[in-house]
Amino acid sequence: MLNQSLKFPKADILVIDDTPENLNLLSAMLTEQGYKVRSVTKGSTGLRGANAVPPDLILLDVNMPEMNGYEVCQNLKANDRTREIPVIFISALGDVLDKIKAFAVGGVDYITKPFQLEEVLARIENHLTIRQLQQQLQAQNQQLQQEIHDRTKAEEKFAKVFRSSPNPIAIATVSEARFLDVNPSFLRISSYCLEEVIGHTATELDLGKNTIAFAQKIQLLPETGSLYNQEFEFSTKSGEVKIILISIELIDLAGVPCALLIANDITERKRLENEFISLVSHELRTPLTSTMGALDLLGAGQLGTLNQQGQKVLSIATTNTERLMRLVNDILDLERMKSGNIFMRQAKCNVAELLITATEAMQAMADKLQVQLIINPLTIEIWADPDRLIQTLTNLLSNAIKFSEPGDRVWIGAITSEYKTVESLENQDSDTKEMGASNYVLITIQDEGRGIPEDKLQIIFERFQQVDASDSRNKGGTGLGLAICRNIVQQHDGKIWVQSLLGEGSTFYILLPLTR
Ligand code: ADP
């Protein structure tokens, strides 16, 4: 037991007392209790010892020659290395003033001689425990300070990134899609000030045409997960329209689910892209027209008769040139529509006639691919541009036919529809709900072809978007047809959307208002 306590003493105690009997008595008692004891008879020796190896506690006699206990204590408290060591005074003086002085110079306790050993032990243990707890507290405090420091630094770093990011960044609540914070880039692009944005929704600020669909995307974030590079038309405070790409990430802010929105202004890029496409298309049209003319001449045999191999090559060249011509025309068409350079020649027209004309135009293609066209015409008049609507219907019919198998059927029909009926259609474009409660004509083109995957149902209405990259090669498409259709339908204040089941077929819907 003794050996054990010598190996691992409970604590290191320094006893400073000029009376050897006292020293021996205390030293023997404390050693027996498992403490490591250092005993000195002079204050100055005690100070040196304490400074060299600071003990856990000091028992200090008050009355000593040369340097008395109070002075020793003052010296200990003046030194950083020894300041925190608890000092218990031991003295024969029992005067209250002496005790007060002992505490005044930094002592933690005072024992009067002759002392009771148990009392000395109890006080030592008390103060060692207090000291140990103090040290633990100090260590924890230091650790906390460090953590606070680290955290503040990290927060400062992120706040700096948030503030100085060239990309507009916003944080919104998932529940209501209300802005909690936005960075200076966001304010710059929107021309709003912080107070005008915080606490509001994109719809309240009228930040674009599709703010309701946008808010729904945020609210559905916990189910859908992050969204990347979604194109969005963004209206600034002054009404200027910008094209931005938005990525949305779900984050947790103090237990509140929030959406972190990072935007990228691609207005200029889009403008240049459009300008480039339309420039190239214009430049391509003239040589293409003359190539077509030359191929026609060759085909008509006016420049001599071609052998079988020549005819085959000519046919390939004609097919590809026609495809290129279609692409160029579609691009220019779309560009003109987007820039508002196409005037819709609206007139009273009969829906039945439109459906019949479009079907007749596509009959040859349907026959060639052995697809049956079934028409359910509806005699009702609408105010529309007949040529543009026929263009839309033939485009949808052409898609329905080319993505079907021989023997499949394609239906085209129309019904008048109340707003409520439209609303109850599943999976419809959410914007349809904004159209108000009036009467519509709903045109449907349904096929039993290959169908469209769910994640492509919206995107195929964008330019150059095809479900399969090989579609343009194999099916002769341009990836622009649906973008043109959507544009035409929108210019009629209508909506277009699609429902589809992979492998079972697709139904395209066009909803047009009856009265305008
Ligand atoms: P394309 O000229 O390629 O037909 P569209 O814009 O008309 O261009 O259509 C875009 C893409 O949408 C098509 O390439 C095809 O992948 C898909 N698609 C359109 N209509 C149908 C349909 N009825 N069935 C299956 N996929 C379709």
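Tutor: What follows covers the salt bridges, then a helix pair, a surface patch and some backbone details. Keep in mind that this is a predicted model.

How many salt bridges are there? The count comes to 21.

Start with Arg178 and Glu204. They form a salt bridge, and their closest N and O atoms are 3.2 Å apart. Arg178 sits in the loop between strand S6 (169-173) and strand S7 (179-182), while Glu204 sits in the loop between helix H8 (194-197) and helix H9 (211-219), so the bridge ties together parts that are 26 residues apart in sequence. Arg178 has a relative accessibility of 24%, so it counts as partly exposed. Glu204 is partly exposed too, at 44%.

Next comes Asp333 with Arg388. Their side chains meet in a salt bridge, 3.2 Å from N to O. Asp333 belongs to helix H12 and Arg388 to helix H14 (residues 386-402), so this pair ties together parts 55 residues apart in sequence. Both Asp333 and Arg388 are buried. That label requires under 20% relative accessible area.

Glu448 is in the loop between strand S15 (440-447) and helix H16 (471-475), and Arg409 is in strand S14 (residues 409-417); the two are 39 residues apart and link distant parts of the chain. Glu448 is partly exposed at 24% relative accessibility. Arg409 is partly exposed as well, with a relative accessible area of 34%.

Salt bridges can also share partners. Asp17, Asp61 and Lys113 are joined into one network in this way.

Lys113 brings us to the backbone. The peptide bond from Lys113 to Pro114 is cis, with omega near -5°. Pro114 lies in the loop between strand S5 (109-112) and helix H6 (117-164). Ser191 is not a glycine, yet has a positive phi of about 65°. Its place is the loop between helix H7 (184-190) and H8. With 42% relative accessibility, Ser191 is partly exposed. Asp493 is not a glycine either, and has a positive phi of about 60°. Asp493 is in the loop between helix H17 (481-491) and strand S16 (495-501). Its relative accessibility is 46%, which counts as partly exposed. Why point these out? Because most residues other than glycine have a negative phi, and most peptide bonds are trans.

Now return to H12, the helix that holds Asp333. Helix H12 (residues 308-338) packs against helix H11 (residues 267-299) at an angle of about 145°, and their axes are 8 Å apart. The crossing of H11 and H12 is left-handed. Their contact has 13 nonpolar, ten polar and four charged residues.

Leu97 is in helix H5 (residues 96-104). Its relative accessible area is 63%, so Leu97 is exposed. The cut-off for that label is over 50%.

Val15 gives a contrast. It lies in strand S1 (residues 12-16). At 1% relative accessibility, Val15 counts as buried.

Definitions and conventions:
Residues numbered from 1 in each chain as written. Predicted model: local features only at pLDDT ≥ 70, side-chain atom pairs only at ≥ 80, totals over all residues. Heavy atoms only, no water. Helix = DSSP H or I, 4+ residues; strand = E, 2+ residues; numbered from the N terminus. Buried < 20%, exposed > 50% of the residue type's maximum accessible area, 1.4 Å probe, protein only. Axes fitted to C-alpha atoms, helices over the stretch in contact; angles between N-to-C directions. Left-handed = near helix turned anticlockwise from the far one by under 90°. Nonpolar A, V, L, I, M, F, W, Y, C, P; charged D, E, K, R; others polar. Salt bridge = Lys/Arg side-chain N within 4 Å of Asp/Glu carboxyl O.
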